[in-house]
Structure formats: C-alpha cells, structure tokens
Amino acid sequence: MTKRDFLALEDWSTDEVDGLLALAGRIKRGEVTGGLERKVLAMVFMDPSLRTRTSFETAMYLHGGHGIVLEPGKGSWALETEPGAVMDGDTVEHIVDAARVLGRYADALGLRSFPRGSDWAVARKDLILRNFARYCEKPVINLESARRHPCQALADAMTLREKLGDTAGKRFVLTWAWHPKALPTAVPASAALAAARLGMEIVIGRPEGYELDPEDTALVRRLTQEAGGEFVHIIDDPDDALVGADAVYVKSWGSVKLYGKPEEEAALRAGLRDWRLTPARLRGTRGGKGIVMHCLPVRRNVEIDDAVLDGPNSVVVDQAENRLHAQRALLLELLGTRS
C-alpha cells in the first residue's frame, strides 16, 4: 500500500482538506472517540516546540495511541542531514538511517526542521524533510520545515471558518511584524495558502525587501483564483494593509533576498519597529472588528500590543486550541479507524 505523507497543505486536494476540517469539527464537538488504539507516532524535533509537541502527544493519548518525542542531541544522537556526508565530525547518526529505523518502530513519523545553511536556493528545497519522508516507509507529517507548516495551516483554516462563517470573498490580511530575529517563512506562506484555499480575498502587507519566496506568492495567487477568491495586492504600508480586513494574521519573517546575510538583514529590519499591530491600526479593519490571528509564540508589545492580544478581536488562543482538533483529524485520516 502506498503511504500518504502530510508535507504541505497544497499536496492535498480541496475536497481532502475540507474532509479534514469537517472531521476536526466533529472531534471538537465530542462526536468522535478512539481510532488510534495501539498506534505509535514518533516525533523528531530538531528545533523547539510547545504547541506542536504538546498537541500531537495529547492527540495520540486522547484516541488511544502513544506519542514518542525525540530531540536529536538531547537524549538521542545528533543527526547528520547532508547526503553523502563524511561523518567524521560531531554528528553521530544520519537522518536516512533514523528515518528507516523509526519507520519500523512507529506507525507514523513527524519531523520539525527549520531552515539551515546560508543559501536560500538550497534551504528552500526542504531537503531534510523530503529525504526523511523518502527513506521512511511510514507516513511522515511535517511539524514545520523551511518552507511549510501545514499543521498550523490546517488549524488556521479551521479557525477562519469558525470565526467568519462563509469565508468566500472575506478579506484576509497577512501582515509582517518586526521581530529581533529573522524568522522562517513557513508559517506566513502556509497561512496565506490556507486562506487562499478558502476563497478569501488576500492582501499581504510587508516592508520592501520582505517579499515571500516568489514561488510561494505565485502559488497563493493560483490557489486563490482556483477557489474563486482574489489576490488583491501587496502593500508596503502597515496602516493601508489593514483597511477593511476581516482577518488579520500577524507574523514576522526574514528577508529571503538576504537569507544567509545576517548583518545586512539586521540593518534592513532595524528601522521597521513601527510594523506592529496596535489598537489604532486594528480600528482600520472592517468595522473595527477584524479577528486577530498569530501562530504563537508571540513577542508581546513587539509584534502585537497587549491591548490587542488580550482584547475581544484576538482569537490566538482558539487558534492554538484548534491545532489539537485539526491534528486529531489528520492522525485519524492517516492511521485510524473513525467511529
């Protein structure tokens, strides 16, 4: 039987994603129990996690399965990721061997691996994730990679539908925010792709130099059109971007043009601290009632003001909760028997 991976939301059809969201809704309402008895999920975290790790472990427990967490270099061997590497350095085990062995122990595997190296042309290929999936005989779930965070995107889509009802034609604004570090583009790209799948009107607000990967922008545009939505435009002003928004997704990301050039990237972002979601800016959303989303963790009063995060427009905690329900649906789809 051919295995099914979950590496990117766009790898699954609209009907399949809708099916996952419908199942997640049933799960959240308490209509689905069990289905993962005697199933094991092994998760390899090469980078930190709070929500992803906890929600997947909880999901496996709630449906009768078991989750195992491995942190290479912290209780398990440090992993080499380069194909053909001469392993005479600090790494002890190759990711190819880890994937093969873990695939014999568990029913599904998850991997988190943020961008590495100094060349975006290489990092954007997501080779660590894709080689892991290539050499593992069991389904592999992307727990966030250089390019995608499909589990977050699934929860984002669920939240947008819950809060906005019919999402067709509603305005979704992805807005950049200042952050002391250059972060990956996986979450913002995946969030925009989720909104595109829902037929929303897409606006991306970002300063000059902080364009998403051109292929990702083109994909958002194509999926938006296919779903009957509209890719409106890209705006380089933090106030103008929010006008008329039904949903505002705040997220920082690094400049892909300056990937691997930290000093130049830091200089570019140095004067951009004004890119922050404030109560005044929130009033520019549709009727001042646009919902506020963020994947968490969030730098309070740096990316979003306290008054916004703790105010009535914020749905960030509901969004985080939906990670659990969406992933329960995903695990049942990949591994389980639904009851």
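This is a predicted model: local features need pLDDT of at least 70, side-chain atom pairs count only at pLDDT 80 or more; totals for chains, interfaces and linings use all residues.
**View 1. Arg-4 and Glu-16 joined by a salt bridge.** Side chains of opposite charge can pair when their charged atoms come close. In this view the closest N and O atoms of Arg-4 and Glu-16 are 3.0 Å apart, and the two residues stand 12 residues apart in the chain, with Arg-4 in the segment before helix 1 (14–28) and Glu-16 in helix 1 itself. Arg-4 is partly exposed, its relative accessible area being 32%, and Glu-16 also counts as partly exposed, at 32% relative accessibility. The model holds 28 salt bridges in total, and this pair is one of them.

**View 2. Arg-147 and Asp-216 in a salt bridge.** The side chains of Arg-147 and Asp-216 meet with an N to O distance of 2.7 Å. Because Arg-147 lies in the loop between strand 6 (140–142) and helix 6 (150–164), while Asp-216 belongs to helix 8 (residues 214–226), the pair ties together parts that are 69 residues apart in sequence. Both Arg-147 and Asp-216 are buried. The two residues also belong to a network of salt bridges that links Glu-10, Arg-147, Arg-148 and Asp-216.

**View 3. Asp-318 and Lys-163 in a salt bridge.** Here the side chains of Asp-318 and Lys-163 meet at 2.9 Å, taken from N to O.

**View 4. The largest pocket and the residues that line it.** Rolling a probe the size of a water molecule over the atoms shows where empty space is left. The largest pocket holds about 960 Å³ of space, and its lining is made up of 40 residues, among which Phe-114, Lys-181, Ala-182, Leu-183 and Pro-184 lie nearest the centre. Helix 2 (51–62) and helix 9 (262–269) are the elements that give two or more residues to this lining, and helix 9 gives the most, with four residues. Sorted by class, the lining of the largest pocket comprises 19 nonpolar, 10 polar and 11 charged residues.

Note on methods: Residues are numbered from 1 along each chain as its sequence is written. Side-chain values use heavy atoms; hydrogens and water are left out. A salt bridge is a side-chain nitrogen of Lys or Arg within 4 Å of a carboxyl oxygen of Asp or Glu. Buried means under 20% relative accessible area, exposed over 50%, partly exposed in between (1.4 Å probe, protein chains only). On a 1 Å grid over the protein atoms alone, a cavity is a set of points where a 1.4 Å probe fits but cannot get out, and a pocket is an open set with protein on both sides within 12 Å along at least five of seven lines; lining residues have an atom within 4 Å of a point. Grid points are joined across faces, edges and corners, and a volume is the space filled by probe spheres set on the points. Ala, Val, Leu, Ile, Met, Phe, Trp, Tyr, Cys and Pro count as nonpolar, Asp, Glu, Lys and Arg as charged, and the others, Gly among them, as polar.
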